[in-house]
Amino acid sequence: MWLFYVLFLTPLVLFVSAFLYETWLSFARLKNPKKGRAGYVTATWEVTHTLLVFTVVMLLMTFTQSLTALARSLYWSTFVAAVFLGLRAVAYLYIFYVRRDTKRINAIDWFFAITHVGAAIFLVVTVLQALVFIWTKDPVANTQFFPAFVPGLLLVLALCAVPLATVYRTK
C-alpha cells in the first residue's frame, strides 16, 4: 500500500505546490496591473492539470472495487471544487482573451483570484476525504497496474519538470 501513497501523493503534492503558486500569482496580479497577461503563468495550467489527472487516475484505478462508495464520499467536495475551477476558467478567458484593457484591475480580477482559493480549499477537502475513506474503510486495492504506473509517474514527472522549471524561472 505504501506504493499507492507514493504514486498518489507525489503528483498531488507537486500539483498543490504549483496551484498554490498560481494562486499567489493571481493575487500578485492585483498589485501590478501594468503587467497585464505577463503577471500570470499560463503555461503551468497544462502541467499542473496533467499532475492532477495522474493523481485522480491513480486513485480510481487503485480502488476500482470501491468506486461507488468512494464517489459517494467525495461527491460534494469534488463538485464544489469543479464549480470553482469552472468559474476560474471563465474568469481567465474573460481577463486574458476578451477584455481589451488588460492593464486595469476590476472585480473580475478579484473574482479570478478568489476562485483559486475556493478551488484550492475544496481540492484539499477532497484529498482529505479520500485519505480518510482509505484509512477508515480499508478498501481492497487493485495493484495490478502499479508496475505500469511507476514508470508512468517517472515519465510524467520528467516531462513536467522541464516546462515548470522554465516557466517559474522566467516568471
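1. Let me start with a crossing: helices α1 and α3 cross in a left-handed way, where left-handed has the near helix turned anticlockwise from the far one by less than a right angle, and right-handed means clockwise. Their contact (heavy atoms within 4.5 Å) is made by F19, E22 and R29 on the α1 side and by L85, R88, I95 and F96 on the α3 side. By class, that contact splits into four nonpolar, no polar and three charged residues. For the classes, Ala, Val, Leu, Ile, Met, Phe, Trp, Tyr, Cys and Pro are nonpolar, Asp, Glu, Lys and Arg are charged, and the others, Gly among them, are polar.

2. A word on what you're looking at: this is a predicted model, where local features need pLDDT of at least 70 and side-chain atom pairs count only at pLDDT 80 or more, while totals for chains, interfaces and linings use all residues. Residues are numbered from 1 along each chain as its sequence is written, and side-chain values use heavy atoms, with hydrogens and water left out.

3. Back to the geometry of that pair. The axes of α1 (residues 2-31) and α3 (residues 67-98) come within 14 Å and cross at roughly 45°. The axes are lines fitted to C-alpha atoms, for helices over the stretch in contact, with angles from 0 to 180 degrees between N-to-C directions. The two helices are therefore oblique to each other; under 35 degrees would be roughly parallel, over 145 roughly antiparallel, 65 to 115 roughly perpendicular, and the rest is oblique.

4. Now set α1 against α4. These two pack at an angle of about 165°, with axes 9 Å apart, so α1 and α4 are roughly antiparallel to each other. Their crossing is left-handed. The contact of α1 with α4 has 20 nonpolar, three polar and three charged residues.

5. Overall fold: the protein chain has five helices and zero strands, running α-α-α-α-α from the N terminus on. Helices here are DSSP runs (H or I, at least four residues), strands are E runs of at least two, and both are numbered from the N terminus. Among contacts between residues at least 6 apart in sequence, 85% join residues at least 24 apart.

6. How much of the chain is buried? Of its 171 residues, 39% count as buried, meaning under 20% relative accessible area, with exposed over 50% and partly exposed in between (1.4 Å probe, protein chains only). The chain exposes about 9,500 Å², and carbon and sulfur atoms supply 73% of it. Accessible areas come from the Shrake-Rupley method with a 1.4 Å probe.

7. T23 sits in helix α1 and counts as buried because its relative accessibility is 9%. Leaving aside neighbours within four places in sequence, T23 touches H116 and V117. F54 lies in helix α2 (residues 44-62) and is buried too, at 11% relative accessible area.

8. Leaving aside neighbours within four places in sequence, F54 is in contact with L7, P11, F149, G152, L153 and V156. F54 and L7 are 47 residues apart in sequence, yet 8.8 Å apart in space, C-alpha to C-alpha.

9. D138 has a positive phi of about 45° although it is not a glycine. Where is D138? In the loop between α4 (107-137) and α5 (146-170). D138 is exposed, because its relative accessible area is 61%.
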